[in-house]
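Let's take a friendly walk through a protein structure together.

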Amino acid sequence: MSMENINYKEEVRRKTSKPLLWIGIVSIIMFFSGLTSAVVVSQGGGSFLKIDLPFAFTISTLIIIASSAAFHFGLISVKKGNLAIAKISVLVTLVLGLSFILTQFLGWVALYENEVYAVGSQSTQESSYLYLLTALHIAHLLGGLISLIVVLVKTIKERYSVDNMLGMQVSITYWHFLGGLWIYLFFFLRYIIA
Amino acid sequence: MSAHHHKEDFLFKYVFSTDHKMISKQFLVTGFLMGFLGLVMSTLFRLQLGWPGESFEVIDMFMGSWAEDGVMSPDKYLALVTMHGTIMVFFLLTAGLSGTFSNLLIPLQIGARDMASGFLNMLSYWFFFLSSVIMLISLFVEGGAASAGWTIYPPLSALPQAIPGSGAGMTLWLVAMAIFIVSSLLGSLNYIVTIFNLRTVGMTMTRMPLTIWAFLFTAIIGVLSFPVLLSCALLLIFDRSFGTSFYLSDIYIGGQVLEHSGGSPILFEHLFWFLGHPEVYIVLLPALGITSEIISTMTRKPIFGYRAMIGSMMAIGFLSFIVWGHHMFLTGMNPFLGSVFTFTTLLIAIPSAVKVFNYLTTLWKGNIRFTPATLFSIGLVSTFITGGVTGLVLGDSALDINVHDTYFVVGHFHIVMGLSAIFGMFAGVYHWFPKLFGRMMNNKLGNVHFWLTIICAYGVFFPMHFLGFAGVPRRYYTNSEFPMFDNMIDINEFISMFAILAFFAQLIFFFNFVYSAFRGPRAPQNPWKGNTLEWTAPVEHFHGNWYGEIPHVYRWPYDYSKVDANGDYVSGEDYIPQTVPLGDNEKDGGH
């Protein structure tokens with residue numbers, strides 16, 4: 001493979017990584033818009049009961065905000081050339097991301113103990129929607145965690161620098177988006193279902 | 001890129017290729033294979049509709065135990081109708097059409113070495129392939145393929161015990177469609193980003209061929225609407241398999257009350273048609289783009305109203321998202337809301353008429369070269385008008401109610417969406433065959449194919465409007481049980497005869513396609529004397545498209561028959577490729 005070829009590929013990557021992500025994000029937004037609109041339409045049927053949102057979901061909201069802040073701090077550290085702090089920040093982000101999933105799980109356990117079921121004959125529309133929306137958010141978060149692990153490995157290996165941090169920027173954009181998506185879902189659930 | 005590219009082994013060149021040209025051919029061949037099956041299915045069920053209850057050797061041969069004594073059973077009839085619709089709409093006209101031509105033409109016409117991400121592009125094809133295989137497997141499971149129609153309305157599709165086709169076949173249908181949606185999204189992502197970010201020097205947005213504009217709008221519509229179908233399918237999967245009640249409420253089946261409560265099948269229709277209507281334009285816009293390009297090249301005239309063409313496609317794309325309610329006039333919708341949807345729907349007539357006007361004015365006094373591609377493009381203009389006019393009837397709630405769910409609807413959408421899109425696809429294949437396979441197709445066979453196809457197509461779908469006016473309902477296994485339809489049987493026979501003839505006409509095309517791909521005469525680099533960039537690339541395929549530097553662009557793509565003040569051709573010939581710099585005092589077109 002010639003040098004020119006490699007340069008071209010690098011240029012394509014530089015030009016297209018972020019737009020690819022942004023348009024992917026648009027399609028995810030449409031996916032969740034479809035689902036939350038479905039909730040609103042179903043609610044128009046008039047049979048919605050209120051469900052108490054578990055406190056764990058409030059905690060997870062705080063955790064995901066903190067994780068976004070930590071990741072952002074990591075990015076700033078790379079820009080300043082302070083890789084030691086960057087490593088710690090990304091690691092903290094990953095731990096917070098995993099804690100988010102844990103608190104979501106605790107939330108489901110609390111719901112289950114209150115006899116709010118996801119599926120089966122005792123489930124209701126509102127309970128099914130509640131589990132489905134939170135679970136689908138986690139499904140998207142798993143992609144974010146995988147990219148976070150890649151970024152962590154690369155940060156530890158000191159691959160990033162001021163001139164070379166595209167992968168980290170793409171990952172952080174997606175991570176912030178997941179945080180924003182959760183905050184939207186949290187308030188949506190809080191005021192529509194709960 | 002170096003001319004001596006590295007040697008690729010068979011597996012990576014033909015199977016797991018990341019080259020957009022190879023992926024384009026993979027989409028084309030898979031799409032056509034699926035389309036052929038869809039065609040066979042429609043021919044078989046047309047036999048039943050034309051001569052209900054009669055025994056046919058050919059049905060016996062193809063369907064075996066699915067048709068005792070050569071008579072198709074009612075549940076297999078429903079399965080065939082459903083699979084025909086699904087295959088034609090999604091597998092042939094969405095993936096086959098868009099996948100083939102977006103992949104082939106986007107990098108070649110904007111001057112890029114490949115798509116933004118070859119890997120995602122490859123994934124897009126393989127998800128499509130997997131989805132096709134699962135869809136075909138669903139034909140052979142217990143109970144048969146999905147049978148609720150291609151729109152799979154619940155509760156029929158949501159209750160596995162409803163009819164035989166609501167069982168495993170329906171589950172596989174949903175799985176296949178979920179994978180299909182992923183494929184389509186990966187493709188669309190790539191198309192949009194490639195068009196926005198990888199254009200060659202000088203290729204401004206307003207110097208892009210209309211094909212590229214059409215593919216861009218198609219991809220944008222896809223990214224916005226397919227995720228909603230995914231959410232729709234997901235809720236259905238949960239209702240079917242996990243006992244939720246999103247679409248189901250207080251249903252009795254076989255004397256038993258089911259434990260579903262609170263849901264509404266109307267919710268499904270809202271979610272489904274929010275994709276479903278834009279899907280019409282996902283199918284249609286690429287065909288319109290292809291036609292714009294071919295009509296301009298083959299009349300040796302600049303396209304009339306380049307900017308108006310872009311604007312009308314943009315308007316159609318936008319409107320497509322706010323008209324979905326016109327599929328639901330009979331769901332108990334508030335008549336005021338119905339009139340809003342009527343209004344937005346009828347608005348689509350304006351940009352559509354702009355496009356038709358521009359096609360006709362481009363053809364007007366053109367130096368037309370009647371290749372099969374030209375014929376099919378003009379055929380598209382014809383079907384777009386015929387089908388569009390009946391769209392005004394169906395878009396108006398007061399009129400629609402009278403012909404809802406009759407053959408009028410079947411006639412309308414087959415002409416405006418099915419025929420227009422497939423004509424565009426045929427036109428594209430005849431026109432870009434030299435680019436795809438480096439060989440020419442046979443024009444004589446192509447002409448025969450066109451004339452037989454358009455005559456049969458009108459023979460099949462035009463009479464359906466009369467059936468619809470008489471109230472004959474669509475999707476019924478037979479209409480022979482209803483005395484008021486007894487005098488319609490001749491029309492059904494007439495339609496079926498044309499359907500059978502249309503089937504044989506397509507065999508001519510498939511023969512021409514396969515034979516020419518291997519034995520056709522070698523194609524010159526620029527067989528149609530076109531201006532666009534793909535004709536500056538060498539005939540042989542290699543990853544990277546151009547030896548040396550990517551060509552730069554200096555003008556719009558429609559400088560055909562451009563004359564100077566003396567009335568002489570500017571370049572001495574009746575076309576000026578986009579790579580030729582503007583002369584002194586020469587203005588760029590399209591502005």
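## From one loop to the hidden spaces

Begin at V71(B), which you will find in the loop that runs between helix 3 (57-63) and helix 4 of chain B. Before going further, keep in mind that this is a predicted model.

Is V71(B) buried, exposed or partly exposed? Its relative accessible area is 22%, so V71(B) counts as partly exposed. Buried would mean a value under 20%, and exposed a value over 50%. Now look at what surrounds this loop residue. Setting aside neighbours within four places in sequence, V71(B) is in contact with Q48(B), G53(B), E54(B), S55(B) and Y477(B).

How many cavities of 30 Å³ or more does a search of the whole structure find? The search finds six. Sorted by class, the lining of the largest cavity holds 28 nonpolar, eleven polar and three charged residues.

The second largest cavity holds about 150 Å³ of space. It is lined by 17 residues, with T94(B), S98(B), S184(B), S188(B) and Y191(B) closest to its centre. Here the elements that supply two or more residues are helix 4, helix 6 (168-197) and helix 7 (210-242) of chain B. Which helix gives the largest share of this lining? That is helix 6 of chain B, with six residues. By class, the lining of the second largest cavity has seven nonpolar residues, ten polar ones and no charged ones.

To finish, turn to the cysteines. C232(B) has a relative accessibility of 1%, so it counts as buried. C456(B) is also buried, because its relative accessible area is 1%. And how many disulfides does a search of the whole structure find? Over all chains, the count is zero.

Conventions
Residues are numbered from 1 along each chain as its sequence is written. Chains are lettered from A and ligands numbered from 1 in the order in which they are written. This is a predicted model: local features need pLDDT of at least 70, side-chain atom pairs count only at pLDDT 80 or more; totals for chains, interfaces and linings use all residues. Side-chain values use heavy atoms; hydrogens and water are left out. A disulfide is a pair of cysteine sulfur atoms within 2.5 Å. Buried means under 20% relative accessible area, exposed over 50%, partly exposed in between (1.4 Å probe, protein chains only). On a 1 Å grid over the protein atoms alone, a cavity is a set of points where a 1.4 Å probe fits but cannot get out, and a pocket is an open set with protein on both sides within 12 Å along at least five of seven lines; lining residues have an atom within 4 Å of a point. Grid points are joined across faces, edges and corners, and a volume is the space filled by probe spheres set on the points. Ala, Val, Leu, Ile, Met, Phe, Trp, Tyr, Cys and Pro count as nonpolar, Asp, Glu, Lys and Arg as charged, and the others, Gly among them, as polar. Helices (H or I, at least four residues) and strands (E, at least two) are DSSP runs, numbered from the N terminus. Contact means heavy atoms within 4.5 Å.
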